[in-house]
Amino acid sequence: MKVTVNCANGSTGHDTPPAMRAPVSVTIEGLDHNGVARGTDARGRAWTVRGAPLGATVRAAGRRNAGVMLAVEAYPPDAVPPRCAQHETCGGCTLQHAPLARQRTAKAAMLAELLAPLGGIDHGLEAVPDHDGYGYRNKVELTFGTRRYLRADELNTDVPLTGRFLGMHAAGRYDRIADAPRCELASAAMNAVVARVREDVLHSAWEPWDAHAHQGTFRHLVLREGAEGVLAAIHTSHAEPELAQWLRARAPTWGAAGVQWWVNAGLADAALGHLHAQLHGCATVTQRLGVARFRLSASAFFQVHDAAAQLLVTRVGDALALDRGAARDDVLLDLYCGTGALGLALADRVGRVIGVELNEHAVADARTNAAENGVDATYHAGPCEQVVPTLDLPGAPAVIVDPPRVGLHPDALRFVCGLDARVLVYVACKPSSLLRDGLALAAAGWRCTDRWAVDLFPQTGHAEVVARFTRAV
């Protein structure tokens with residue numbers, strides 16, 4: 001069977017595609033260290049081909065380290081139909097053709113190969129049982145736009161390139177929207193809100209934001225789900241009385257527990273800006289993680305997969321090797337703590353939590369969360385390499401480091417390498433960053449004793465990794 005498909009990094013709508021080498025057949029064997037499909041051609045040359053189904057034979061062209069998939073020549077026997085209608089254009093959930101068992105086997109093999117230089121016991125990849133890998137996200141961020149991303153079969157047809165759209169950015173494109181009536185990773189409740197907002201906004205008197213002309217009104221829709229229901233944040237480029245009147249009338253009809261209005265007058269196409277008004281209902285929703293309860297805004301960083309996040313907390317607790325419920329004098333130093341999620345979720349294992357986070361808004365949320373949970377915790381805003389030396393710390397605390405995908409800044413890495421700590425637990429959302437930083441830790445006298453991985457992001461090539469480091473003896 002030969003099926004023509006389109007990779008979101010390949011075709012660029014009505015743009016002229018780049019010149020390519022002659023296409024070749026590539027057998028997809030697994031994932032590269034960034035979670036992208038990889039395989040070999042008939043000459044034994046290695047390829048990475050974004051969006052290629054695991055186990056398939058595909059027709060590919062372009063650069064071998066960034067191949068463009070032109071067609072699927074043969075699917076593997078266990079292939080499954082993707083649930084998402086936008087899987088060819090969004091570029092987010094690239095593993096949907098594979099059953100979860102194959103996805104996790106590929107991810108586990110990739111992690112084992114990538115992180116082998118760190119040493120330690122590899123405890124494998126764990127996942128939430130009896131879950132189909134869809135509908136798990138508790139937060140989604142959608143973008144309004146005036147230019148859509150066209151599939152290969154839509155090129156040179158009467159399908160309009162311009163108009164009013166709401167969806168995700170196509171991979172590699174800041175200016176093209178993969179128009180999406182729903183997201184299969186979001187819950188039914190969030191998709192119901194998306195449908196109502198979409199109908200109202202795209203038929204309103206105000207245009208979506210034009211990323212080229214830097215004009216228009218509606219920019220982003222951010223949704224977060226918690227115990228109270230769905231919290232929606234609608235982002236616009238400006239505020240005016242007529243728009244305010246319209247939003248206040250429509251927001252209560254969207255089926256959300258709360259609706260906020262944010263204004264972002266900047267040029268960057270990101271869901272930023274300032275809170276302009278509470279249009280309807282609640283301003284936060286609550287989530288539970290470990291022993292803690294968290295009050296979260298729509299924009300707050302938090303783990304997106306509730307059940308898998310519980311598993312992640314369990315593994316971080318195992319790595320810290322602290323007794324639950326014991327009366328202890330232990331201090332947990334939580335670096336890159338965000339809203340305090342991991343430290344507060346494990347607060348029953350320590351006497352005190354000290355958190356450091358660059359984002360001042362996240363620090364404010366962490367302080368609120370600690371107070372509401374009755375946890376003895378202190379939070380400081382600023383770079384960890386500047387803040388921690390000023391703190392009065394006991395000798396050899398337990399440390400969690402949970403940096404962003406890029407890993408530790410070089411200055412922060414040098415500082416962490418020299419920390420006097422009993423145990424250091426590194427939580428990585430990008431395993432290759434863990435490898436780089438872990439090798440630097442090893443050179444500074446740390447030893448990786450254990451590694452755990454959690455499948456926090458089914459249908460994608462991503463996984464979360466927990467690594468335990470102690471001082472080498």
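Student: Is Arg-436 buried, partly exposed or exposed?
Tutor: Arg-436 is partly exposed, at 41% relative accessible area; buried means under 20%, exposed over 50%, and partly exposed in between, using a 1.4 Å probe and protein chains only. This is a predicted model, where local features need pLDDT of at least 70 and side-chain atom pairs count only at pLDDT 80 or more, while totals for chains, interfaces and linings use all residues. Residues are numbered from 1 along each chain as its sequence is written, and side-chain values use heavy atoms, leaving out hydrogens and water.

Student: Which residue forms a salt bridge with Arg-436?
Tutor: Asp-437 does, with the closest N and O atoms 3.0 Å apart. A salt bridge is a side-chain nitrogen of Lys or Arg within 4 Å of a carboxyl oxygen of Asp or Glu. Asp-437 is buried, with a relative accessible area of 0%.

Student: How many salt bridges are in the whole structure?
Tutor: The search finds 19. One of them joins Arg-59 and Glu-73, at 3.8 Å between the closest N and O atoms. Arg-59 lies in strand 5 (residues 57-63) and Glu-73 in strand 6 (residues 66-74), so this pair ties together parts 14 residues apart in sequence. Strands are DSSP runs of E, at least two residues long, and helices are runs of H or I, at least four; both are numbered from the N terminus.

Student: And where do Asp-411 and Arg-414 lie?
Tutor: Both are in helix 9 (residues 410-417), 3 residues apart, or about one helical turn. Arg-414 is exposed at 56% relative accessibility, and Asp-411 is partly exposed at 35%.
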